[in-house]
Amino acid sequence: MAPKNRIIIDTDPGVDDVLALLLALSASPEDLELLMISVTYGNVPRQSCLRNVVALFHVLEKEMAWRASTGRPLYKALSTYKPIVAVGAEHALEDEQLVQDHFHGSDGLHGVHEAHPELSPADTWRTLFDDSPSPTGSSAEPPSYSRYFTPSKTPSHKEMLRILREEPAETVTIIAIGPLTNVALAAAEDPAAFLRVKELVVMGGAVDVPGNASPCAEFNCLADAVAAARVFALTSPDPASTMPPAIHGTSVLPPYPTGLPRRLPLTLFPLDITTPHEMTRRVFGGRVQPLVEAGSPLARWAATFMNGTFDKIDAILGGNESGEGLSLHDPLCVWYMMTRDDPRWRAVDEPEDIRVETTGQWTRGMQVVDRRGRAKPAETDSTVQTHPEDPMDAVKFDHIPGDTMGWLSHHKGNRINRMIESPGKDTFAHILLDTVFA
């Protein structure tokens, strides 16, 4: 039986990214097939992000052996599918200086590699993704955990395009839970092939709430605002109307061609919806600590970086008497793909014209919406006839003096499907833990 949804996850593993990957790998194979993990920079530099992905499979190999020996349920999706792991961008499109999120620690997982070296892969994993010699100077057999994935030496945006070309149109969804650089590179290289995607699910931005990386910007949008703006522009009837201006005189990537086959279906998960979906220390510990004591390698590994996260939250809040937890930003997008037929998922009534600021001194990465509430020309009688004797000779008037950026144009602006409600913000943490640590 074919899975309901086939996905590519573009990610910069930190903590909530790893939880998202674990959720996807522990999903029912009838619900979800993970075709590819596309690695980018973000929470930490790209190579550290890649190391965290490889370490995840290293730990899962040990977890599968432990579960088999104790008669516990195995990860069915992990045994059924073998995702490609490919490496993508090292920095933003037009800025080589990384905007890093130190919330997750210097390695992205709060020191888990130093705390548990036995759960971290040997450095030979690097040879899976490039042609450098092994640390011992001799060729070695691939590590045993690599049987769970297919390493690729092709840049991830090219692998992304290959999958979209080879699979039937509109059957593969991309879940982007890091900076959108890889996605923007794929869209620029072959827009027609990229638009064969079924849906692009984006975790990023803040619409009606404050940002988390600046007063008004969420981290993923701030890390590569130009990439986000370019990707969002593909949702517009006129992508040129919302494309970002060149920051350094010329753009790194070319403009999109005219006559694209369709608009990009983009579903946005900004901080507005993701932040309330929390996991507290109490909930996590109650579910996972017994597994740590029983000998689960995955529970021991996850407990280290999760407790590091809770300690960080406590330090930020000065004690955290409110019991605030980790917001499950990235896992929420995977849960959406696992349960997207649930009618309790609710998006805005009409797609919104949400744009990304790319040049502001204080507002870079901000998601901007027009709150003026003014009518657009197409909402009024905007048809003018140039030759009264010819009823077929009519044009649509779509211009308002002073509206040079097209905010009031019916034919310009982005069309973003923003998610505003889920099947349960108070139950998701329990569902995630029950699925991953079954």
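Helix H6 is mostly covered, since 7 of its 9 residues are buried, where buried means under 20% relative accessible area, exposed over 50%, and partly exposed in between, with a 1.4 Å probe and protein chains only. The buried residues of H6 include Thr181, Asn182 and Val183. This is a predicted model, in which local features need pLDDT of at least 70 and side-chain atom pairs count only at pLDDT 80 or more, while totals for chains, interfaces and linings use all residues. Residues are numbered from 1 along each chain as its sequence is written, and side-chain values use heavy atoms, with hydrogens and water left out.

Helix H9 (residues 225-233) has 9 of its 9 residues buried, so it is largely enclosed by the rest of the structure. Among the elements that cover the buried residues of H9 are helix H6 (181-189), strand S6 (199-203) and helix H8 (219-223). Helices (H or I, at least four residues) and strands (E, at least two) are DSSP runs, numbered from the N terminus.

## Two buried glutamates

Glu94, found in the loop between strand S3 (84-87) and helix H4 (112-115), is buried yet has no salt bridge, and the nearest side chain of opposite charge, Arg230, is 6.5 Å away. A salt bridge here is a side-chain nitrogen of Lys or Arg within 4 Å of a carboxyl oxygen of Asp or Glu; Lys and Arg count as positive and Asp and Glu as negative, while His and the chain ends are not counted. Leaving aside residues up to four places away in sequence, Glu94 touches Val226, Ile247, His248, Ser251 and Val252, a contact being heavy atoms within 4.5 Å.

Glu218, in the loop between S6 and H8, is likewise buried without a salt bridge, and Arg364, the nearest side chain of opposite charge, is 12 Å away. The side chain of Glu218 reaches the backbone nitrogen of Gly205 at 2.8 Å, and a polar atom of that side chain lies 3.1 Å from the backbone nitrogen of Cys221.

## Salt bridges

By the rule given above, the count comes to 23 salt bridges. In one of them, Arg340 pairs with Glu199, the closest N and O atoms being 2.5 Å apart. Arg340 lies in the loop between helix H13 (329-338) and strand S10 (346-347) and Glu199 in strand S6, so the pair ties together parts that are 141 residues apart in sequence. Arg340 is partly exposed, with a relative accessible area of 26%, whereas Glu199 counts as buried at 4% relative accessibility.

The side chains of Asp314 and Arg281 also meet in a salt bridge, at 2.9 Å from N to O. Because Asp314 lies in helix H12 and Arg281 in helix H11, this pair ties together parts that are 33 residues apart in sequence. Arg281 is partly exposed at 32% relative accessibility, and Asp314 is partly exposed at 22%. Elsewhere, Asp208, Glu352, Arg371 and Arg418 are linked in a network of salt bridges.

## Packing of H1 and H12

Helix H1 (residues 15-25) and helix H12 (residues 297-317) pack at an angle of about 150°, with their axes 10 Å apart; axes are lines fitted to C-alpha atoms, for helices over the stretch in contact, and angles run from 0 to 180 degrees between N-to-C directions. The contact is made by Val15, Val18, Leu19 and Leu22 of H1 and by Leu298, Trp301, Phe305, Met306 and Thr309 of H12.

Terms used. A polar contact is a pair of N or O atoms within 3.5 Å; within protein, one must be able to donate a hydrogen and the other to accept it, and residues adjacent in sequence count only if both atoms are side-chain atoms.
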